[in-house]
Amino acid sequence: MNQLRSSSIAGEETEYFDRTPVDLFISNILSRLPLKSIAQCRCISKLWSSRIRLPNYNLLFPIKPPAPPRILFTIEYERELFVYSSPQLHNPGENTSLVATLHQRTRGTGFSVYRPPVGGLVCRQHYRKNPMNPSPVVVISNPITGECLALPRLRMDEIKNNSKLFLGNVGYSFSFGYDPIDKKFKILRITTLYEYDTQNSSQYQVLTLGARKKNLLWRNIQCCTNHYPYMSHDDMICISGVLYYPAGCYKGKRHCVAIACFDVRSESFSFINVDLEDMTAEKISSYSFSLIDYKGKLGACYCDTYKNLFELWVLENAEEHKWSKHIYQMQLPEMISGVRATGMIGSGEIQCRALCLVK
C-alpha cells in the first residue's frame, strides 16, 4: 500500500509513493477475512504465505478481537473421523442448547487423536498395515482451515540400529507441545522397545515444525532416566511450555510410576513424584484417570463411578513435588459406567466424557 506525495525539484513537479510496511498492509486485509479465506490467501505469494504461517501472527497483529474459546471434539463413526467445535457456555447451569460446527471429515481406519489441541492444531495418528514399517503416520492438522501435514516416519532399521539387542515388541508414543517463548511447535516421539526378561528401553526424538517441509527432521535427544509413557498416550498435556505425562521409570532395578515433565524449549526431562498410596498405579492406568490444565496448573483427575467420587490432585509446587487434593461427590445415573475428565472450560467447570451402558 502506497501513499501519494509530491515535491518540486528545479521547477518540475514530481510525484512519488511512500511505502507503507507490507506487514501492516497484509494484516489489515487478513484481519477482516474468515479463516478459510485466510488459508486461501497463502497462494497469493511466498511473502503472504510466510506471514500467515507465523505461529504468533495473531499476537503480532491483534486488530480483530480474539474469538471466544470453543470446545473441540471428535467422533469416529463408520470408518470416518469427524471434527466438530462448539462455543463454550458462560453459564453451564442454564438449560442451553449448543450448535456444533463440522470442520473436518476424514475417511479411513486406525485413527487415534491426541488431546487436547495445541494452539488450535490437532495431532493425530493413523495406523497402516505395513509389516516392513509398522510405525504409525502422525499428522498435524488445522481443523478450521483443513490444512494437514504428515510427519516423516522412522524406519525399523533406524530403530533397531540404535538398540544393542532387540527381541521384543515396539511401542510408539507422540506428544504435541508449544514453546510460548520461541513460538515453536514441537513433537516429542518416544519409541519403547519392550524386551523379554529385561527392562524396557526407550529412544527419544524431537521434531520442530517449520515453514518448510524439507526441514522436518527427527533429532535424537537424551534422557538421564530410562522411562516410557505409562499406559495411555491420551494422558499427555502441554501447560505453559511443559509437556506432562505419566511415566514408568527405572531407578536401578526398581520400577516406579511418576509424572514426566518435558520442557519444550530446552528439550530436557524432569520427573515429579506422586504418592502411590493415594494416586495409585491402578488409578493412573485406568480409563477414568486423566491430566488437565487446572487454572494454569497441572491437574490429575480420577472418577470413581462405584463410589460416585471425583478426585482431583493439583500440582502446587513442581520443585518440591507438592500436591493438593480435592474430593467431590458426584450424582451419576445408573447407565453411566465410566467418566473421564477432558479439561476445564473458561467458566472454571471441568468437562467430562462418559461411557454409557446400552440396554
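Four strands, in the order β10-β11-β12-β13, form an open sheet with antiparallel pairing. Strands here are DSSP runs of E, at least two residues long, numbered from the N terminus. Two strands pair if DSSP finds at least two bridges between them. This is a predicted model: local features need pLDDT of at least 70, side-chain atom pairs count only at pLDDT 80 or more, and totals for chains, interfaces and linings use all residues. Residues are numbered from 1 along each chain as its sequence is written, and side-chain values use heavy atoms, with hydrogens and water left out.

**The open sheet**

- The edges belong to β10 (169-179) and β13 (219-221).
- Each of these two has a single partner strand, so one side of each is left without a neighbour in the sheet.
- From one strand to the next, the twist averages 30°. Its axes are lines fitted to C-alpha atoms, and angles run from 0 to 180 degrees between N-to-C directions.
- Strands β11 (residues 184-194) and β12 (residues 201-208) run antiparallel and are joined by eight bridges.
- R189 has Q205, in β12, as its bridge partner.

**Cysteines**

- A disulfide is a covalent bond between the sulfur atoms of two cysteines.
- The whole structure was searched, and zero disulfides were found. The cut-off is a pair of cysteine sulfur atoms within 2.5 Å.
- For C256, the closest cysteine sulfur is in C249, 4.9 Å away, which is too far for a bond.
- C256 is buried, at a relative accessible area of 11%. Buried means under 20% relative accessible area, exposed means over 50%, and partly exposed lies in between (1.4 Å probe, protein chains only).
- C148 is partly exposed, at 36% relative accessible area.

**The loop at T145**

- T145 sits in the loop between β8 (137-141) and β9 (148-150).
- With a relative accessible area of 27%, T145 is partly exposed.
- T145 and H103 are 42 residues apart along the chain, and their C-alpha atoms are separated by 8.0 Å.

**The whole chain**

- The protein chain has six helices and 24 strands. Helices are DSSP runs of H or I, at least four residues long.
- Of the 359 residues in the protein chain, 42% are buried.
- Take the contacts between residues at least 6 apart in sequence: 42% of them join residues at least 24 apart. A contact means heavy atoms within 4.5 Å.
- The accessible surface of the protein chain is about 21,200 Å², and 52% of it belongs to carbon and sulfur atoms. Areas come from the Shrake-Rupley method with a 1.4 Å probe.
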